[in-house]
Structures are given as structure tokens and as C-alpha cells.
Amino acid sequence: MNISRNASNTALLTVLHLLVDGMCACSVLMLQPTVMGVGLALLFVGYNVLAFMTQPFVGMWMDRRCPSAMCLWAAVLLLFSGALFTTLHPLCTTTLTELILLAAVAVTLGSGNSIFHVWGGKYVTDSTSNDPRHLGIFVSSGALGLAIGGMFHSITLMVILAVSMLIVIAALCKTTANCQREVAITSSNQSHDSTPQTAATIPDLLLFMLIIVFARSFVGNMKPNTTHDIVYFATMTSVLAFVGKASGGFIARRFGVWATLTTALMVSGVCLLMSSWHWAFAILLVFGINLTMPLTLHLANSSMPQRAGFAFGALAFMLIPGHALALSLAGSVVAFRLLCTLVATIVIEALVLFALREKRWQVLAMSVVMNVLTNLPLNLAIRFVPALQHPSLLVQIVLEMVVVIIEATLFYAVTRNRRTALLYAVLCNATSYLCGLIFGFVYLLII
């Protein structure tokens, strides 16, 4: 496929992504001040569920049908309908008519948003052979669209966005000789890291990407207290989210997908730990976690060749559970401290594995999973079980031995080597335990 055509189509789709998310944010937030209670919940929950959690199913359909540009026009028609319903809200005179109108807005905007994102993501993936640079550019503009729609929501902006969408779509179809043929083009989706793909590892890799996206969504919405009084913090995060997503693929092209992904995750973990001390680390955290987005998309697509629609939609699905969990724990000091403890342990043990020259993603993924299964319950027990709040040295040793046994078993599941599994479990736990003791000692000296 022509490289210049790929670049121009990606650019047009990126602009269209900004306009679509801008229109959705504009429409929903125009209604927010005048809607209360059940209506507000229906609008926000209905829209977000349809916009994000239907994407895997839309993707499965598109993977089977090789969709044409008619899907894009269908998405635009739904979005325009939602915008029109939004302007009719002042005509509602009863609660019932208002609820019906809000349901119509949620259904049309959510469905249109879902169809566009899956169609656009699949188109970019297939037409560029799963190039993370193009994926990053495409997904980056959504953050700016949400920011623009949120700050300037009005009928005037809605009209500007609608007219702009028609112009961009006309230009997109003009640059494509046969839009249906372009979208149907598939590739081998080879990873730029030459990551070996086998029938046994494909589901595991996709599952790992889903876990990363869930964690990214959760951590990204767990804001520390240092950011609460920062002027224009939302604007800064929108800009950095745009920059992070847009640059992730280019950085990965230079240093490799896995190297960039693991480095970005490690740096993000450190920034989370430091974010309670200064808001600048919270800003860097936003950049770091968004830098991983095109990389997780690229790897998810690599794990399921010829099913880019489902892979794209599955990752989008995971954003809602992560956001919902963060929303339910918002403002909880205990939850934030438990998160920091968990992240600190994951970072320390990942560094130990790197020091041992362990680079297999299966082992690193298992390290994350096992820390969630052991570190989190252990810290919850120490915090809420009176008998464990001040454990003796013997109790601490017993608890650590239990953790070592569990982690050695899980490491063995991916290494298939008893000696290696036991070595990893012992060194990882001993290092994280000693780091915890040193941190506690230094903390007491400081205060």
C-alpha cells in the first residue's frame, strides 16, 4: 500500500477522532447541568457502556464482514442523531419524555462512538500492517477532543464539529480509490520486535495486554492529593495524554516495543510512588501510562492476526472497569497507600528479574499477577486484622515463607524449572522485604 496514502489517511482519521470525541463530550456535557438523578445516571452510564463495552462485539462483527466506508457513515449518522436529540432537550415537559430523550442520546452517541473507534482502529491496523506509530497518532487525538468538547460545549461548537466531520470524511473518501478494498486489506501483523507467536502464547499475550490496560485505566484515575489544587491540571493531563500516545509508537520504533513498554511501565510506577510528594510526578505519570497505549494495541493485534477489530475493542472494554474501580475508591487514603505498596513491590521485583537477565514477558507478567494475589491480601490482613498489625519476627518469617511458596509455584508454571522458580521467588521476596525495612527505617529518621 502507498506510504503517503497511509500517512494522509491516518492524519484524516486522527482529526476525525478528535471531532467525534469532541462531539460526544459536547453533547453529554451540554445536558449535564440540567439533568438530575436517574436521568443523569442513565445518560452517563448508558453512553459509556455503549461507547466502550460494546466495542469487542462490534469488532467481532467487523472482523467477519470486512466492513466498508458505510460503517463510517453509519457512525456519523448516529452521532448527528445524538447531537440533534441533545438540542431537543428543552422541549421535554415531563420526566418520562426526558428519560426517553436521554436514553436516545446515550444510545445514538454511544453506538456511533463505538462503531467509529473500532472501524478506525481496524482500518489503521490493517492498512499500515499494525504500525504502532500510526496507531499512536490515531488514538492520540481523542484526549484533545474530550478536552475541547468539555471546555467549550455549546450548540455553536456542535455545529462546527458536525460541519468539520463532513469535510474530513469527504477528504478521506477522496484520498481512497476504493475505501472498501482499503479497509479489507490485511497483513501478517508482524511485531517490530519479532516477538515469536505460537498457538499457546497468543491468548496469554492478549490477556496480559488486557491486564495492563485495566491497570492503566485504574492508576490513571487514582489522583493523589497533590493535584487537587493545581490550576489547569485537567488541561495539562489532556495535552500530555495526547503527546504520550502520539510519541509511544515512534519511541518503540527506535528502541523496540517490549523495551519501551516495560520502561514506560516502570517509570510510571516510580512516578506514582513519588506523586504524593509533588504534583509534577503525577503529570509525568499521565505521560508514561499514555505512552503505553499504542504499544498495547500493537501487541494485542499481533496476538490475534486478522482480528484487529476484536483486539482493539477488547482493550477499549477494559477501560471502563478500571475507571469504575478508581471512581469507587476515589479519595480513599487506604486504597491509595495499598496501591503504592503494591506498585513498589512490583517495581522492585521486576528490577530483580531484569538483574537476573530475565526478559520473557510471560515471567514478568506472572510477577505482576502473583504480587496482586499475594501482596494485596497480605497488606489488607496486616491493616485490618488486629493480631497481624504488629507481627513478631517469627510471624513475619512464616508469612514470607508462605508467599515464597506461592510465588515459586506460579513462577514454575511459566519457567518449568524448579530451581529457577525457587531462585526467583526467594530473591524477589528477600529484596522487596529488605527494601521495605530500609524505607521504614529512613522514614522514621526523617520524621
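Helices are DSSP runs of H or I with at least four residues, strands are runs of E with at least two, and both are numbered from the N terminus. I worked on a predicted model, where local features need pLDDT of at least 70, side-chain atom pairs count only at pLDDT 80 or more, and totals for chains, interfaces and linings use all residues. Residues are numbered from 1 along each chain as its sequence is written, and side-chain values use heavy atoms, without hydrogens and water.

**Entry 1: salt bridges**

I searched the whole structure for salt bridges (a side-chain nitrogen of Lys or Arg within 4 Å of a carboxyl oxygen of Asp or Glu). The search returned four. I took Asp-63 and Lys-122 to begin with; their closest N and O atoms are 3.1 Å apart. This pair links distant parts of the chain. Asp-63 sits in helix 3 (residues 55-65) and Lys-122 in helix 5, 59 residues apart.

I then checked burial (buried is under 20% relative accessible area, exposed is over 50%, partly exposed is in between; 1.4 Å probe, protein chains only). Asp-63 has a relative accessible area of 14%, so I logged Asp-63 as buried. Lys-122 is at 4% and is therefore buried.

Which other residue pairs with Lys-122 in a salt bridge? I found Asp-126, at 3.2 Å from N to O. Asp-126 and Lys-122 both belong to helix 5, four residues apart, about one turn of the helix. In general, an α-helix has 3.6 residues a turn, so residues three or four places apart point the same way. Asp-126 is buried too, at 3% relative accessibility.

I also noted Arg-133 with Asp-131, whose closest N and O atoms lie 2.7 Å apart. Arg-133 is partly exposed at 25%, whereas Asp-131 is buried at 6%. Shared partners join Asp-63, Lys-122 and Asp-126 into one salt-bridge network.

**Entry 2: aromatic pairs**

Next I looked up ring pairs (Phe, Tyr and the six-membered ring of Trp, with centres within 6.5 Å; planes under 30 degrees apart are stacked, over 60 edge-to-face, the rest tilted). The structure holds six. I picked Phe-116 and Phe-138, a tilted pair: 6.2 Å centre to centre, 50 degrees between the planes. Phe-116 lies in helix 5 (residues 95-127) and Phe-138 in helix 6 (residues 132-151), so the pair ties together parts 22 residues apart in sequence. Both Phe-116 and Phe-138 are buried.

Is the pair of Trp-258 and Trp-361 stacked or tilted? Their ring centres are 6.1 Å apart and their planes meet at 10 degrees, so I recorded the pair as stacked. Trp-258 is in helix 11 (residues 257-274) and Trp-361 in helix 17 (residues 361-384), so this pair ties together parts 103 residues apart in sequence. Trp-258 is buried at 15%, and Trp-361 is buried at 10%. With Phe-208, these two Trp residues form one aromatic cluster.

I followed Trp-361 to Leu-205. Their C-alpha atoms are 8.5 Å apart, although 156 residues separate them along the chain. Leu-205 belongs to helix 9 (residues 202-220). Leu-205 is buried, with a relative accessible area of 1%.

**Entry 3: charges over rings**

I checked for charges over rings (NZ of Lys or CZ of Arg within 6 Å of the ring centre and within 35 degrees of the ring normal). The charged end of Arg-254 sits over Phe-255, 4.9 Å from the ring centre. Arg-307 lies over the face of Phe-310, and here the distance to the ring centre is 5.1 Å.

**Entry 4: helix 12**

I listed its buried residues, among them Ala-282, Ile-283, Leu-285, Val-286 and Ile-289. Asn-290 is also on that list.

**Entry 5: a surface patch**

I turned to nonpolar patches (Val, Leu, Ile, Met, Phe, Trp or Tyr side chains joined within 5 Å, each residue with over 30% relative accessible area and no salt bridge; like charges are joined within 9 Å). Areas are Shrake-Rupley values with a 1.4 Å probe, and for residues only the protein chains shown count as cover. Which residues make the patch of about 360 Å²? I found Ile-155, Val-159, Val-163 and Ile-167. Val-163 is in helix 7 (residues 155-174). At 43% relative accessibility, Val-163 counts as partly exposed.
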